[in-house]
Amino acid sequence: GPISACVMSKSSELHTLVFNSLDEQIAVIDREGAIVDLNAAWREHGRDNNLAAKFMCAGANYLNVLVDADSGSDADEQNFAGRARKGILEVIGGKRDSFYYEYPCHSPDEKRWFMMRVVRLADSASRFFVVAHQDITQRKLAEEEAKYASLRDPLTGLANRRYFTRFLKSEFQRSIRDRSSISLIELDVDHFKDYNDELGHPAGDECLVQVGLVLRELSQRPTDLAVRLGGDEFALVLGNTNVAGAKKVSDSLQKAIKGLGISNGKSGSLSISVGVASVHPHEHQDESMLLKEADEALYHAKTSGRNQVKFAESA
């Protein structure tokens with residue numbers, strides 16, 4: 001009777017209010033991809049991103065919208081549209097129960113990521129399907145920050161050994177492809193244990209930070225990398241750099257360290273020992289030979305009295 005109808009009306013109004021209060025952007029589509037319902041968040045997202053009106057209203061065909069995007073000029077948009085359409089069709093066709101897809105949707109002002117989720121609408125006899133987009137930006141930013149931190153030395157902010165290993169391998173392979181030279185500079189702070197013992201660990205840490213700043217200044221190109229390998233050991237990867245270029249950098253490095261004017265207590269001014277290796281690699285070589293040569297050159301610098309630069313024999 002009237003009371004039952006009133007209850008149903010109230011319930012429907014409540015469901016609509018809940019639907020439109022969700023932060024998730026939600027649309028319900030039929031088997032052909034036509035949008036039969038969508039919430040306020042979906043419309044708002046469309047307006048905020050200057051999307052075409054056909055994307056934001058019932059009656060539009062979401063699969064056709066994705067086809068249009070897939071034929072556009074933006075590579076990221078094409079990638080998302082193609083994968084999204086394939087996933088939706090697989091859910092509609094019963095090949096999978098659900099489809100999840102994380103994708104970037106960066107604006108000119110900020111990085112943003114979303115997760116798309118597609119499932120069959122419960123109790124709809126497979127006639128309708130829910131497409132939802134959830135903002136996962138905070139989680140992705142946290143993941144990026146954690147990944148960045150895992151590849152960086154917390155004291156100096158330079159790359160750590162883990163990142164160095166990856167970068168050197170990649171840069172060495174690029175040198176082989178481009179038929180260019182690559183150089184590696186390794187260095188130790190001279191008598192650093194004595195420095196720490198005499199002046200204390202806070203002073204030692206500040207010394208390492210200052211050395212790190214010098215290395216950062218000397219590694220400005222995309223093919224360069226400044227690294228803290230651990231303790232008082234550092235390195236510079238110099239892509240597309242021959243022995244003459246590496247010599248210039250190592251000379252600048254020695255001069256800059258001396259210019260810091262840091263007193264090393266009993267040992268006088270702070271100094272470094274430097275080993276340099278340069279190679280024009282071919283396809284039968286790998287980065288291990290460059291590492292070995294730089295290690296040997298550094299060992300030679302240290303056993304020859306420190307505070308000097310030594311070059312690998314092949315350099």
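## Exercise 1: a salt bridge across the chain

Lys-302 counts as partly exposed because its relative accessibility is 30%; the cut-offs here are under 20% relative accessible area for buried, over 50% for exposed and partly exposed in between, with a 1.4 Å probe and protein chains only. Before you go on, note that this is a predicted model, where local features need pLDDT of at least 70, side-chain atom pairs count only at pLDDT 80 or more, and totals for chains, interfaces and linings use all residues. Residues are numbered from 1 along each chain as its sequence is written, and side-chain values use heavy atoms, with hydrogens and water left out.

**Task.** Find the residue that forms a salt bridge with Lys-302, and say where each of the two sits.

**Solution.** 
- Step 1: use the rule, which asks for a side-chain nitrogen of Lys or Arg within 4 Å of a carboxyl oxygen of Asp or Glu.
- Step 2: the residue is Asp-188, and the closest N and O atoms are 2.6 Å apart.
- Step 3: Asp-188 is in strand E6 and Lys-302 in helix H10 (residues 287–303), so the pair links distant parts of the chain, 114 residues apart; helices (H or I, at least four residues) and strands (E, at least two) are DSSP runs, numbered from the N terminus.
- Step 4: check burial. Asp-188 has a relative accessible area of 8%, so it is buried.

## Exercise 2: salt bridges inside helices

**Task.** How many salt bridges are there by this rule, and which element holds both Lys-247 and Asp-251?

**Solution.** 
- Step 1: the count comes to 16 salt bridges.
- Step 2: Lys-247 and Asp-251 pair at 3.1 Å, N to O.
- Step 3: both are in helix H9 (residues 243–259), and because they are four residues apart, about one helical turn separates them.
- Step 4: Lys-247 is partly exposed at 42%, and Asp-251 is partly exposed too, at 40%.
- Step 5: Glu-296 is partly exposed, with 45% relative accessibility.
- Step 6: finish with a network of salt bridges, which links Glu-102, Arg-139, Lys-140 and Glu-143.

## Exercise 3: an Asp without a salt bridge

**Task.** Asp-30 has no salt bridge. Which backbone nitrogens lie 2.9 Å from a polar atom of its side chain?

**Solution.** 
- Step 1: Asp-30 is found in strand E1 and is buried.
- Step 2: look for opposite charge, with Lys and Arg counted as positive, Asp and Glu as negative, and His and the chain ends not counted. The nearest such side chain is Arg-127, 7.8 Å away.
- Step 3: turn to the backbone. The nitrogens of Glu-32 and Ala-34 each lie 2.9 Å from a polar atom of the Asp-30 side chain.
- Step 4: list the contacts (heavy atoms within 4.5 Å). Leaving out residues up to four places away in sequence, Asp-30 touches Val-36, Ile-92, Arg-127, Phe-128 and Phe-129.
- Step 5: Glu-32 lies in the loop between strand E1 (25–30) and strand E2 (35–38), and it counts as exposed at 56% relative accessibility.

## Exercise 4: positive phi

**Task.** Where do Arg-179 and His-191 lie, and how exposed are they?

**Solution.** 
- Step 1: recall the background. Most residues other than glycine have a negative phi.
- Step 2: Arg-179 is not a glycine, yet its phi is positive, about 55°. Arg-179 lies in the loop between helix H6 (161–178) and strand E6 (182–189), and at 69% it counts as exposed.
- Step 3: His-191 also has a positive phi, near 55°. His-191 is in the loop between E6 and helix H7 (192–199), and at 34% it counts as partly exposed.

Terms used. A polar contact is a pair of N or O atoms within 3.5 Å; within protein, one must be able to donate a hydrogen and the other to accept it, and residues adjacent in sequence count only if both atoms are side-chain atoms.
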